[in-house]
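Visitor: I'm new to this one. Can you walk me through it?
Guide: Happy to. Here it is.

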There are 4 protein chains.
Amino acid sequence: MVQLLLIGGSASDVLALKVARELGIGVTKLQAKKFPDGEKYVRILDDVKGKDVVVIQSMYRTPDEHLFEYFLLVKALKDLGARKVIGVIPYFAYARQDRRFNPGEAISFQTVTRLIENVGTDELLTIDTHLHRVDDISEVFKIPAQNLSAVPPLTSYVKQNFKLDHPIVIAPDEEAEQWAKIASDILGSEYDVLEKIRLGPDKVEIKTRLLSVRDRDVVIVDDIISTGGTMVETVKILKHYGANKIIAVCSHPLLVGDSLARILDAGAEALIGSDTVPSPVSFVSVAPVIAQALKGML
Amino acid sequence: MVQLLLIGGSASDVLALKVARELGIGVTKLQAKKFPDGEKYVRILDDVKGKDVVVIQSMYRTPDEHLFEYFLLVKALKDLGARKVIGVIPYFAYARQDRRFNPGEAISFQTVTRLIENVGTDELLTIDTHLHRVDDISEVFKIPAQNLSAVPPLTSYVKQNFKLDHPIVIAPDEEAEQWAKIASDILGSEYDVLEKIRLGPDKVEIKTRLLSVRDRDVVIVDDIISTGGTMVETVKILKHYGANKIIAVCSHPLLVGDSLARILDAGAEALIGSDTVPSPVSFVSVAPVIAQALKGML
Amino acid sequence: MVQLLLIGGSASDVLALKVARELGIGVTKLQAKKFPDGEKYVRILDDVKGKDVVVIQSMYRTPDEHLFEYFLLVKALKDLGARKVIGVIPYFAYARQDRRFNPGEAISFQTVTRLIENVGTDELLTIDTHLHRVDDISEVFKIPAQNLSAVPPLTSYVKQNFKLDHPIVIAPDEEAEQWAKIASDILGSEYDVLEKIRLGPDKVEIKTRLLSVRDRDVVIVDDIISTGGTMVETVKILKHYGANKIIAVCSHPLLVGDSLARILDAGAEALIGSDTVPSPVSFVSVAPVIAQALKGML
Amino acid sequence: MVQLLLIGGSASDVLALKVARELGIGVTKLQAKKFPDGEKYVRILDDVKGKDVVVIQSMYRTPDEHLFEYFLLVKALKDLGARKVIGVIPYFAYARQDRRFNPGEAISFQTVTRLIENVGTDELLTIDTHLHRVDDISEVFKIPAQNLSAVPPLTSYVKQNFKLDHPIVIAPDEEAEQWAKIASDILGSEYDVLEKIRLGPDKVEIKTRLLSVRDRDVVIVDDIISTGGTMVETVKILKHYGANKIIAVCSHPLLVGDSLARILDAGAEALIGSDTVPSPVSFVSVAPVIAQALKGML
């Protein structure tokens with residue numbers, strides 16, 4: 001049987017250790033540094049010849065640096081004779097810019113996907129990558145690719161740690177409906193989606209499609225919290241409609257600036273995120289989800 | 001005749017303007033920004049269809065970010081129908097790591113060169129890229145590539161701005177000999193190279209090959225000043241051997257930390273660099289050198 | 001009765017919200033921003049005249065920026081007529097440099113303490129500030145000052161979340177003994193301290209004073225984890241001596257670079273820190289400890 | 001006679017060397033570093049007891065860090081027995097926020113000035129500090145303070161390096177009139193000031209008070225270029241009114257983002273700044289101005 005090696009890039013060194021623990025293996029030793037002039041350096045300290053190697057590297061905060069380190073790693077692994085390189089990019093940045101919204105724009109998502117392929121990645125795993133115009137991530141990549149989800153473990157964590165009375169799951173918009181559905185299944189609850197209804201040239205009403213949140217505990221589920229605008233707004237609206245306890249959940253807690261404080265201040269009791277982006281709210285690890293998928297690939 | 005467009009990336013917006021002035025054309029308008037979550041965005045605001053487009057983008061300080069913006073630009077230009085993309089990378093980072101010095105190392109230079117090609121660059125210009133094991137940059141790239149030099153304009157600047165009496169040009173090491181030669185030709189002077197002579201297990205003597213610097217004005221020429229260690233050492237040694245006035249010259253003044261202060265404090269009267277890396281010592285522009293080469297490509 | 005207002009600086013906005021929830025009050029609205037040229041701006045949006053105001057601001061990662069924002073806040077509060085300003089600095093940086101180890105050194109700790117006083121702070125609370133040469137923080141400050149501890153809630157968290165069999169608490173060095181003692185009291189366990197024994201000019205043995213860790217679960221307690229060197233070393237030594245499960249605990253998880261990965265990789269099952277420094281291991285909040293102390297001051 | 005020592009902080013190490021050369025003395029050796037956890041460290045390597053010591057430290061880009069290092073230096077010098085500490089802060093940040101424009105704002109300028117005094121500064125020199133509501137910097141400080149100017153050497157540089165035909169000096173607004181006046185004296189030319197004339201609720205016309213710029217070479221003089229908005233606008237207006245060659249001059253070239261490219265692209269032939277803020281346009285040193293003032297203080 002082909003032996004699986006596991007490397008954690010600088011952005012996901014801790015997550016790689018957790019995945020390795022789940023798989024009952026060690027991590028491949030890596031020397032990674034940044035020179036004073038800003039150049040990166042990586043050196044793989046184990047023999048990778050003929051092996052299948054997993055490279056885990058997320059793309060948060062300094063996505064270009066993390067991506068470039070990923071390129072260095074994958075290219076080096078291939079040069080050193082690795083049989084297959086499986087890239088795991090837990091938070092895949094640039095997914096928003098997946099088409100040309102205005103003339104002359106770079107389609108950043110496409111640039112990233114092409115480079116990831118060109119550099120030698122054989123298969124790819126991501127977590128809750130926001131796909132806007134396609135149904136499946138395999139339509140975006142020419143290599144085999146799977147989009148896993150952090151929502152099941154996030155929801156289980158909420159279920160275990162918060163006493164929620166007959167809760168309802170809310171998606172802040174239509175694109176988050178897929179995740180609200182998964183969460184409601186796990187909680188055994190209903191879910192609904194917020195919709196914008198245009199009442200006039202300057203007037204918009206935001207409300208749930210069908211259900212009332214009045215006096216109910218609510219779990220809001222979204223994929224990314226960046227500057228937190230959407231989540232703050234959602235919490236405020238639900239509070240306005242009489243929601244009781246509110247727990248906010250997101251896969252990728254980028255948490256730019258004071259977003260966490262603003263979400264809590266708006267009325268959320270807690271924000272629960274995963275460790276695709278290491279953060280003060282990364283209470284839930286995606287390591288089991290990744291480990292499960294890797295087992296399925298052997 | 002094919003029309004030439006000129007775009008300056010974030011790292012070289014000023015240099016691009018100067019090249020455009022040399023060529024008597026304007027620069028193509030670019031919208032480039034960084035989102036709060038760290039993602040880059042670029043939009044080219046002119047029509048590039050069927051045109052030959054020059055993209056000038058240096059790789060100093062945050063090389064990975066500048067390189068990724070370069071990828072976004074070139075890929076977008078090709079998608080938008082540009083006929084040919086000529087990349088100008090005035091300071092080309094990662095040239096040092098051009099082979100595997102220790103087992104398992106990534107050969108960063110190769111990763112960068114391959115990605116630059118894969119993303120769609122048709123031809124490449126660089127300035128004084130340090131080539132260690134090849135004679136010509138065209139051996140490194142599969143696309144047509146030229147390595148231009150900032151040493152002629154740097155030397156002319158020194159000649160015009162400093163009264164040097166019967167100067168001698170010094171290369172801090174063998175690899176800088178090529179630039180010392182060029183400079184000495186322009187100054188109409190001699191040149192020499194510093195060599196390390198091992199006198200015992202712990203004893204090294206550094207001295208010029210042939211000529212004495214005693215009571216002579218000296219111009220030191222090197223390609224990169226990063227943390228400044230080599231240049232500080234060179235200035236000290238030449239002072240020790242009795243050099244009179246010392247002018248330090250470099251193509252790429254990265255000037256990490258307090259390197260400039262240390263070089264001046266060691267005894268250099270001035271440090272003169274080019275604008276491949278915008279810095280407080282970038283008194284000389286490589287715009288004429290780039291413009292000349294671009295004219296030759298039309 | 002004097003009314004207590006609570007302000008969270010940029011470094012501790014979330015912690016301030018948690019303290020406010022503990023006290024059953026709201027936070028005073030603050031507008032804080034950084035201009036493109038690097039200057040900070042703060043504006044207090046509530047009336048503070050005649051009030052006692054608590055300013056919570058930690059000093060992690062960019063201590064000088066956080067400290068300067070603290071200065072802006074306290075000075076403004078005093079100018080605006082606040083009756084009393086209570087500073088809460090959960091992680092107090094610069095405590096290490098509390099004397100002149102080499103001639104000519106700045107005693108940074110003293111500079112910070114004097115400025116905090118001069119700017120108008122009336123009373124001060126800190127958490128586990130490392131005091132090296134004094135017994136009590138009140139000897140360092142001219143204003144009333146208390147040094148609270150995160151170790152009780154940290155230890156309680158460990159007790160509740162990890163099944164430890166007959167554990168022993170270990171202090172990595174003599175200075176951490178105070179915290180090991182507190183933790184062992186809460187766990188109802190023994191504690192011991194690692195000591196360096198010099199066996200020869202180049203040979204040092206590190207071992208526990210009295211007790212064996214063989215086949216025992218161990219809780220290591222320290223105040224700060226910066227680059228993680230001490231904790232990595234401690235975990236390795238305890239593993240070498242046959243320790244079973246190891247849980248590392250620290251008040252201030254600065255976690256520079258890859259320190260967390262290195263600590264886990266060395267053999268720690270988990271690292272548990274507090275939110276004096278928001279981090280991926282800040283599972284424990286010091287909000288109850290701060291709230292309790294503030295109640296005692298009213 | 002009291003001996004003068006000169007120390008350059010991290011922000012002004014090169015400028016300090018230049019001032020020292022002007023004075024024919026050396027610089028006092030300083031060890032300054034930043035630990036991985038963000039803390040600063042300084043150590044003064046010469047004996048300062050009984051000496052008058054000049055500390056040169058500018059406040060650009062990361063003003064809080066530079067200011068804190070200044071505090072460390074001055075406090076250490078006083079502790080170490082320096083007789084007098086003369087602070088030289090070439091670019092003095094936070095001068096804009098010199099009063100409370102909106103209720104609750106911190107008056108940052110005042111916080112900085114008070115701390116600079118409290119930490120032990122005996123006398124202060126600054127360069128072109130923007131004073132909005134006072135005539136003289138000595139009204140702001142309780143210690144002796146002088147506000148020097150970079151405009152004379154900047155103007156002399158322009159005079160020597162650009163062939164200007166019957167030029168006119170323009171101040172972008174009333175507050176810059178003082179510098180336009182100085183520059184016009186040196187150039188032996190006229191000067192004028194741009195004024196906003198409100199033509200209606202949404203309509204503003206900007207024009208010179210008295211003189212026409214049509215077909216004339218223009219020198220624009222301002223104190224600070226931060227994001228460059230004012231300067232870009234000024235260049236555009238003057239071009240609109242038919243100005244010929246435009247040279248932009250500023251004391252403090254902060255040059256945030258792409259401001260330099262935008263100023264040149266708007267039509268300025270060149271931007272000339274001083275080295276209070278080291279930048280690619282810092283062609284003029286304020287070292288002679290500072291040296292002259294220091295001589296006057298002995």
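Guide: First, a definition: helix axes are lines fitted to C-alpha atoms over the stretch in contact, and angles run from 0 to 180 degrees between N-to-C directions. Helices (H or I, at least four residues) and strands (E, at least two) are DSSP runs, numbered from the N terminus. This is a predicted model: local features need pLDDT of at least 70, side-chain atom pairs count only at pLDDT 80 or more, and totals for chains, interfaces and linings use all residues. Residues are numbered from 1 along each chain as its sequence is written, while chains are lettered from A and ligands numbered from 1 in the order in which they are written.

Visitor: At what angle do α4 and α5 of chain B cross?
Guide: Roughly 45 degrees, and their axes come within 9 Å. Helix α4(B) covers residues 151-161 and α5(B) covers 177-187. The two are therefore oblique to each other (under 35 degrees is roughly parallel, over 145 roughly antiparallel, 65 to 115 roughly perpendicular, the rest oblique).

Visitor: Which residues make the contact?
Guide: From α4(B), B:Val151, B:Pro152, B:Thr155, B:Ser156 and B:Lys159. From α5(B), B:Trp179, B:Ile182, B:Ala183, B:Ile186 and B:Leu187. Contact means C-beta atoms, placed from the backbone, within 7 Å.

Visitor: Switching to α3 of chain B. Which of its residues are buried?
Guide: B:Ser108, B:Phe109, B:Thr111, B:Val112, B:Thr113, B:Leu115 and B:Ile116. Buried means 20 or more other C-beta atoms within 10 Å of the residue's own, exposed means 12 or fewer, and partly exposed is in between; C-beta atoms are placed from the backbone.

Visitor: What covers them?
Guide: The cover includes α2 and α3 of chain A. It also includes α2, β5 and β6 of chain B.

Visitor: And just after that helix?
Guide: B:Gly120 takes a positive phi of about 120 degrees there.

Visitor: Now chain C. Why does C:Leu271 count as buried?
Guide: Because it has 26 C-beta neighbours inside 10 Å. C:Leu271 sits in strand β13 of chain C, residues 270-273.

Visitor: What does C:Leu271 touch?
Guide: Leaving out residues up to four places away in sequence, C:Ala248, C:Leu260, C:Ile263, C:Leu264 and C:Val281.

Visitor: Last topic, chain A. How many helices and strands?
Guide: Eight helices and 13 strands. Of the 298 residues of chain A, 53% count as buried. The C-alpha trace spans about 60 × 45 × 40 Å along its principal axes.

How values were computed
Two residues are in contact if their C-beta atoms, placed from the backbone, lie within 7 Å.
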